[in-house]
2 protein chains.
Amino acid sequence: MTHSNTQALFLERWAEIDDLTAASELLGWDQETYMPAKGQTGRGKVLATLAGLHHAKLTSPELRDALDACADEAEPGSDLDAQMREARRRVERASRIPGELARRRAEAQSAGLAAWQEARKAKDFQLFAKELGVLVDLTREAAGHLAPLVASGKPFDALLDEYEPGASEAELAPLFASLRAELSPLVKGVAESGVRVDESPAQGRFPEERQLAFGRRVAEQMGFDFDAGRLDLAAHPFCSGFNPRDVRLTWRWQEDDFRPALFGIMHEAGHGLYEQGLPAEWERTPIGTAVSLGVHESQSRLWENLVGRSRSFWEWALPVFHEHFPDSRDVTVDALYPALHTVQPTFIRVEADEATYNLHICVRFEVERALFAGEIEVADLPAAWDDAYEELLGIRPADVAEGVLQDIHWSMGAFGYFPTYTLGNLINAQLFNKAREELGDLDAMFRAGELQPLLGWLRDKVHRHGSRYRAAELIEQTTGRALSPDDFLDYVRATTESVYGVRV
Amino acid sequence: MTHSNTQALFLERWAEIDDLTAASELLGWDQETYMPAKGQTGRGKVLATLAGLHHAKLTSPELRDALDACADEAEPGSDLDAQMREARRRVERASRIPGELARRRAEAQSAGLAAWQEARKAKDFQLFAKELGVLVDLTREAAGHLAPLVASGKPFDALLDEYEPGASEAELAPLFASLRAELSPLVKGVAESGVRVDESPAQGRFPEERQLAFGRRVAEQMGFDFDAGRLDLAAHPFCSGFNPRDVRLTWRWQEDDFRPALFGIMHEAGHGLYEQGLPAEWERTPIGTAVSLGVHESQSRLWENLVGRSRSFWEWALPVFHEHFPDSRDVTVDALYPALHTVQPTFIRVEADEATYNLHICVRFEVERALFAGEIEVADLPAAWDDAYEELLGIRPADVAEGVLQDIHWSMGAFGYFPTYTLGNLINAQLFNKAREELGDLDAMFRAGELQPLLGWLRDKVHRHGSRYRAAELIEQTTGRALSPDDFLDYVRATTESVYGVRV
């Protein structure tokens, strides 16, 4: 790549900002993996300082000047135009947040995380209520500053836009309504079918080191490059990509059931493949990052569910599974398959099945929407949460640990994040159907352990574009149509029918 | 602590700078422990950006103004006076290095580290010569800028002063001359004695996880707080303290000999205790750090050698050792003791014994001194190194891996660092003798596993003072006299006599 001097200056300033992000992300990764217990306070301060510097750089007159100087050179539709669109978007969002507010939010996030951990352990919402109140107040304050930047002018849309540029309540509400309308009867139908899945093929004694070895083996088969990444234990699995050559996955495990670890690893490796596949030539530039969290989640969900829970994948994986777990050598694909597609209302989102998962997100979407519309306050959250679970899933949490305190997100100040999980589910099904259409018999490939054609397709259609296009554009240009819940619902209906004999 | 507004402003600005240091140190720790192989390039860029920001903050008019505003409030001898002395020292050093030079040095360090690793593996100095040349040139350039800040006005003293504030070639040269004069005949006498130490009590099969457990057990006995620290594998053991509640030790091990791991861990834990003992009330302030690298090394050496290789410590440790290594259950303190005090000229500094160790440092002091006096160039280094080994230790390296490429320091741009190792050896003996004088029968305590009185004494005399005093001041006020090589030489002569029957 050659750039004009003005472009070079803009990109140089941006690279510095990107480096600060990478540093913060490494500190965050360490916080969740290896940091000693007493390190929390000091880490919070360092992260707050880095956030302050990041904010200062992003809103500096020097960056603004460099951007303005490039304006004449950016032809509409060019790479530079996309660079400037992304840069301006982030500069404008940051500029509207006063530096002092940014710093207070960073500090509140650190305090929030610690309080949430305590409260969850003690199953006592009060231990987190004050910190959560501060986080909500600061987020409302921030959303107020940002609202003028989104089409609707609504604060909640400004929050959604942070994680999914261009998303809005008006656009998401009908998606959630239709998922709710389709999935509730499905879940009810399963309950009424009287069919109970035998989960024993997925159960037994699975030692940690063998689960790790099996998970790594599968991630390697997917194409995850362990010379450019890692896999470590953490309480809550996540993926952190500092650059395409340093991508960190985390996992957790359960001794009596191999599914949480394996599907967790496939999920995070799906995120990781996206990060490793981002375009090297746009590294440290505004469009060198993933396009949105929804698209990110589509990658993780695609590998976890559409590949990892498919019959054809297991025809390849089963012998490898047997090698790692000789006690399970009698398990067959037919016996295992239903246990990969159980449908049952449960309390914990991260353990939810494919059919109920989006109902968990419906709850969160409703509750957050109401919170930022001022319809409810922090003190109302536990009851609002429990009521929504009763209404949508027909079950009521026994305590806040399996209720409103289960997710880490709010404690980190991430409001408006949850809908991206559902977007990911919808996008992944639509992408996967298109891949099947273009690549031919994916199942035959999976049976042979050939996952590279699919990865290659995703690299070509999604990864290599970074944030060159907006999510909606990318989906439309790849699949030929706008995002809809149809492909996902078709998939869930089909798997549910094959396991439970229920069609709704 | 309450501060005036002007003091608060100065300390607030300083805290930000300290946070940038902590972030860089965590990135450095990760680089040596968990970073995937391909992460190197990206990491170098992030570290360079952080170094640039650190430099910008340290040399900013805002900090200078905040310092100037405090000038009237600082009474001579007060804490604030010490804060300002340390702050000004670092501001002045940083201000004399142009930002662009600081950035180029950070980049050259990353490139240097990678090249050095390659060259050492290939035993080919040429693979590192170019990068080392760049590092030396940039360091000479920097030393030229810094020279006016030191009393002598000499560039080499400006380098020494970075690691050991106030140290000078003129002051170090006689120390090294006297060590050389005493230690060479001692080493020669041992060789002529014909006594060969039986090292078998320290040898056998020591599995990694048992060595780790034993090392951790000993570090805990020393008082290292594992809720405020960690111990991880690394190619080159080091200690990194981000704040007193997050201190990272690293270790390496050898299956057939327990000594490298154990004494490595005791050494790093000695550093770690200093970091954990730094005053909480001065955290993120100029005097909240260790006073100098020489004093730091005195802490590590004290625990590694004066405690860890003592007969009385092993009277406590041996049963614990037997528990961890049942195959060595016949080993006695009498049998083991000589193997803890072998004297033999070898090539590798980090494996050197107590008597020869400082001769290794003599070589480096001589070679660096000549390099920065312009008497030799980078291309001359391998020969100069080998010649010096032949002269001082009577042995000549067979290749550069056991010669001039053995140390990581130069590849990280650290010139003038080595003498602090010898200072540490001298300081630790002088401190230890004073502790014995004040605490009474240390050996009786060690025999009972009571290491806390010694730690308490070090906390009181050294750790809690941070950089409140200069190293020379601290040593004089604690031991009642200026630093001399006498205590150290007495110790080495005594142990050597008890093992080899040789007195020089």
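In chain B, 3 strands form an open sheet with mixed pairing, in the order β1-β3-β2, where strands are DSSP E runs of at least two residues and helices are H or I runs of at least four, numbered from the N terminus. Its edge strands, each pairing on one side only, are β1 (229-233) and β2 (239-243) of chain B, and two strands count as paired if DSSP finds at least two bridges between them. This is a predicted model, in which local features need pLDDT of at least 70, side-chain atom pairs count only at pLDDT 80 or more, and totals for chains, interfaces and linings use all residues. Residues are numbered from 1 along each chain as its sequence is written, chains are lettered from A and ligands numbered from 1 in the order in which they are written, and side-chain values use heavy atoms, leaving out hydrogens and water.

β2(B) and strand β3 (residues 246-251) of chain B pair in the antiparallel sense over 4 bridges, and Ser240(B) has Arg248(B) in β3(B) as its bridge partner. Helix α10 (residues 259-276) of chain B packs on the sheet, touching β1, β2 and β3 of chain B, with contact meaning heavy atoms within 4.5 Å.

A rotation of 180° with 0.0 Å of shift along its axis superposes chain B on chain A (RMSD 0.0 Å), by least squares on the C-alpha atoms of residues with pLDDT of at least 70 in both. That is the relation of a two-fold axis. Of the residues of chain B, Ala23(B) comes closest to the rotation axis, its C-alpha lying at 3.6 Å.

Conventions: Axes are lines fitted to C-alpha atoms, for helices over the stretch in contact, and angles run from 0 to 180 degrees between N-to-C directions.
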